Number of protein chains: 2
Amino acid sequence: MPFPTETGRAVLTTNIVVFSLRDEQLKLLLVRRRNPPFQGCWSLPGGVVGEDEDIEANAMRKLEEGTGVSGVYLEQLCTFGDPGRDPRERVVSVAYYALVPSERLRLRTDEHGEEVAWFALRGLPELAFDHGEMVSVAHQRLAAKLEYSTIAFQFMPERFTLSDLQSVYEMILNRDLDKRNFRKRMLAMEQIRQTDEVRRNGSHRPARLYSVNNPHEVQIIK
Amino acid sequence: MPFPTETGRAVLTTNIVVFSLRDEQLKLLLVRRRNPPFQGCWSLPGGVVGEDEDIEANAMRKLEEGTGVSGVYLEQLCTFGDPGRDPRERVVSVAYYALVPSERLRLRTDEHGEEVAWFALRGLPELAFDHGEMVSVAHQRLAAKLEYSTIAFQFMPERFTLSDLQSVYEMILNRDLDKRNFRKRMLAMEQIRQTDEVRRNGSHRPARLYSVNNPHEVQIIK
DNA sequence: TCCTCTTAGTGTAGTAGATACACTAACCTA
DNA sequence: TAGGTTAGTGTATCTACTACACTAAGAGGA
């Protein structure tokens, strides 16, 4: 039995807000559009979902194509389907956000002749379509999750200092945190473990390195 | 310029998890399917999004058709688009949830010859498609929002007692709350106001009636 | 009318988590 | 070895949440 309507079909796409930390800043991966509409404009990575492709699998694939990394944290954000959001025809986009640890990044630029670049979250260019709104929703969600989950650890490399971790929180929340209270809180949740290594850089006391207990899980705290 | 692909099109639908309080229970609105697949099975209200219709507007319209109420709280939940979720063809459903104050409900049954009914959340029948999963996500979201927002007030009529309100919380969270602590917390957030009316019912002390300060806003607390 | 039943309404002490806040430790370099 | 820089630590206060038990007010029936 066929679906009882011929209307209501839409092009199904994904877009991914890819966060990473580079140069001590919270940055986003953007792609420059080569075709109209919004030709030349920066936009979020993403693409059309294949005939028999799972939506999340599509987002993960696009993410891998853009960054060269796999298995990173990816979460559905929300769906944008305003009838006028694409001037060509009805396009529905399921937005995701992803967190990529900086160490793992190898930017695959120009693989398909695409111009791809990282932009600081504060200082984004005007984005194509409703992608600016997607970024804003993603940032809000990420900041909210910092407070009650271990999501920030998704950004961390295998070994990191508590100061590294604190600056991740500070970049996302966009405010300074008290060092002692921060350390107490992090250690109290027992999700990271001290190692016996230290990092020496610069002419000051070396910093103890820590590692995440369950690097592939995001736990809800409290 | 046409969209540069002929693949990737999907039927776009909505489904709404409609919560209401009836007979001292948290209930959901379900519709019995008249056609295959899942013929005769209960399912969530919803339908195909029109050619030029906004997705949320479609959800609101379907909600109004099912319940006869308008202007109630409606929030996007998430999007389900598994390639096999509908055996006929690729159907993507944007799931919403809605909260309907019990007083305003007039169930429009049989308007289109559809069988529509309220089911207690505990004691739902097996649902069509992935609607069971939608219900579970909606209930989790609702319970989470109770803790940090004024969302519960969306269920309340114009005048209600604190005991009424407490039983809303208890039904959603599925556990008993301490009366004194609950009242302290509710009054501390200064979102409800005592009226000079009381409600007399039964042979016991009458209960003071309260009203919500901003009944159409859901505020994030703390 | 007064006794009983039922739901409404109230306060306090203890605990746990969050905040504010300033100094010492370790290393490097000049 | 003195100065500069980042790492690392503890305590007092405040605030929010928890646990907990009795009195108040009305209705109905004896």
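The surface near DNA strand C holds 3 nonpolar, 9 polar and 11 charged residues. Here Ala, Val, Leu, Ile, Met, Phe, Trp, Tyr, Cys and Pro count as nonpolar, Asp, Glu, Lys and Arg as charged, and the others, Gly among them, as polar. The model is predicted: local features need pLDDT of at least 70, side-chain atom pairs count only at pLDDT 80 or more, and totals for chains, interfaces and linings use all residues. Residues are numbered from 1 along each chain as its sequence is written, while chains are lettered from A and ligands numbered from 1 in the order in which they are written.

**DNA surfaces**

DNA strand C is surrounded by 23 residues, and the closest are A:S203, A:R205, B:R180, B:H204 and B:R208. A residue is near a strand if its C-beta atom, placed from the backbone, lies within 6 Å of it. The elements giving two or more residues to this surface are α4 (179–188) of chain A and, from chain B, α3 (162–173), α4 (179–188) and β9 (207–212). Helices (H or I, at least four residues) and strands (E, at least two) are DSSP runs, numbered from the N terminus.

DNA strand D also has 23 residues around it, of which A:R180, A:H204, A:R208, B:S203 and B:R205 come nearest. Two or more residues each come from α3 (162–173), α4 and β9 (207–212) of chain A, and from α4 of chain B. By class, the surface near DNA strand D has 3 nonpolar, 9 polar and 11 charged residues.

**Chain A**

Chain A contains 4 helices and 9 strands, in the sequence pattern β-β-β-β-α-β-β-β-α-α-α-β-β. Its C-alpha atoms fill a box of roughly 65 × 40 × 30 Å along the principal axes. Of its 222 residues, 31% count as buried, that is, with 20 or more other C-beta atoms within 10 Å of their own, C-beta atoms being placed from the backbone; 12 or fewer means exposed, and values in between mean partly exposed. Helix α1 (residues 55–67) of chain A includes A:G66, which counts as buried because 24 other C-beta atoms lie within 10 Å. Between A:G66 and A:A144 there are 78 residues in sequence and 26 Å in space, C-alpha to C-alpha.

**Strand β1 of chain B**

In strand β1 (residues 9–22) of chain B, 13 of the 14 residues are buried. The table gives its pairings; two strands pair if DSSP finds at least two bridges between them.

| Partner of β1(B) | Sense | Bridges |
|---|---|---|
| β1 (residues 9–22) of chain A | antiparallel | 3 bridges |
| β6 (residues 91–100) of chain B | parallel | 10 bridges |
| β4 (residues 46–48) of chain B | antiparallel | 3 bridges |
| β2 (residues 25–32) of chain B | antiparallel | 4 bridges |

A:A10 stands opposite B:A10 in β1(B), and B:I16 faces B:Y96 in β6(B). The bridge partner of B:T14 is B:G47 in β4(B), and B:R22 is opposite B:Q25 in β2(B). The hairpin of β1(B) and β2(B) has 2 residues between the strands, and B:D23 takes a positive phi near 50° there.

**Nonpolar core**

The largest nonpolar core has 95 residues, of which A:V17, A:A98, B:V17 and B:A98 touch the most other members. Such a core is a set of buried Ala, Val, Leu, Ile, Met, Phe, Trp, Tyr and Cys residues joined through C-beta atoms within 7 Å. Apart from its neighbours within four places in sequence, B:A98 is in contact with B:I16, B:V18, B:F19, B:L63, B:V72, B:Y73 and B:L74, contact meaning C-beta atoms, placed from the backbone, within 7 Å.

Key: Contact = placed C-beta atoms within 7 Å.
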